[in-house]
Amino acid sequence: CAGIAGVYLCRTFPSRARMILTRTPGTITMELDVSQDHIETSRYTVHPDGLYLAWQRTKIVFGIAQDDSATTVPATLALPAALRVGLHWTQHFSTGGLPVVTTNQVTRQAKMKVGGSNLTVYEIDANSKTGGAHPGTETDIIWHAPSSGLDVRLVIHRRIGRVFPYTMDADATLLSLKPLG
């Protein structure tokens, strides 16, 4: 749901989304095309201690388009290389002039079946607060499979206010580890 010029519009997401993963030496880019009107992309730099969030893009269209992309200053540890239950870390960064603080904790290890493959996954609970012109909160639960390097399930609850207020609730599970076409 989003607010535009005093009008609040809501829509549902399609039953399927497309995730595009691009790996180049030293970087990984994950683009989630939730719909043609909603795209979220994150670029990470690869370091020995893990993946650092270096750039983000969010494109949302509700009659008018809000398309924001910016580097994260500084690049911040988003996913440690060695996950274990109990591990926690905090990210402090700014993107597009908006201050963000995210606290992350690995809460459990589990098994999950994706496209016929049994994977060991780690559940990571992330809580973010954003300030500036788009203040808000986001709570994510991420199931990450180190063997594939992929987030295989995401549950997102986002609440953003002020200039372009919107809410988003999504629960997405990867259907296959193999690229589709």
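**Stop one: the strands**

Start by selecting β9 and strand β10 (residues 117-130), which pair in the antiparallel sense over 14 bridges. Keep in mind that you're looking at a predicted model. Within this pair, pick V106 and you'll find I124 of β10 standing opposite. Now go to the turn: the hairpin of β9 and β10 has 2 residues between the strands, and G115 there takes a positive phi near 55°.

Click H88 and look across to Q105 in β9, which stands opposite. What does G96 do in the hairpin of β8 and β9? With 2 residues between the strands, G96 takes a positive phi near 60°.

**Stop two: a cis peptide**

Select V73 and P74 and check omega: about -5°, a cis peptide bond. P74 belongs to strand β7 (residues 64-80).

**Stop three: the disulfide**

Is the disulfide right-handed or left-handed? The torsion about the S-S bond of C1 and C10 is about 110°, so it's right-handed. Colour by accessibility and look at both ends: C1 is partly exposed, with a relative accessible area of 23%, while C10 counts as exposed at 51% relative accessibility. The cut-off for exposed is over 50%.

Key
Residues numbered from 1 in each chain as written. Predicted model: local features only at pLDDT ≥ 70, side-chain atom pairs only at ≥ 80, totals over all residues. Heavy atoms only, no water. Disulfide = S-S within 2.5 Å. Buried < 20%, exposed > 50% of the residue type's maximum accessible area, 1.4 Å probe, protein only. Helix = DSSP H or I, 4+ residues; strand = E, 2+ residues; numbered from the N terminus. Pairing = 2+ DSSP bridges.
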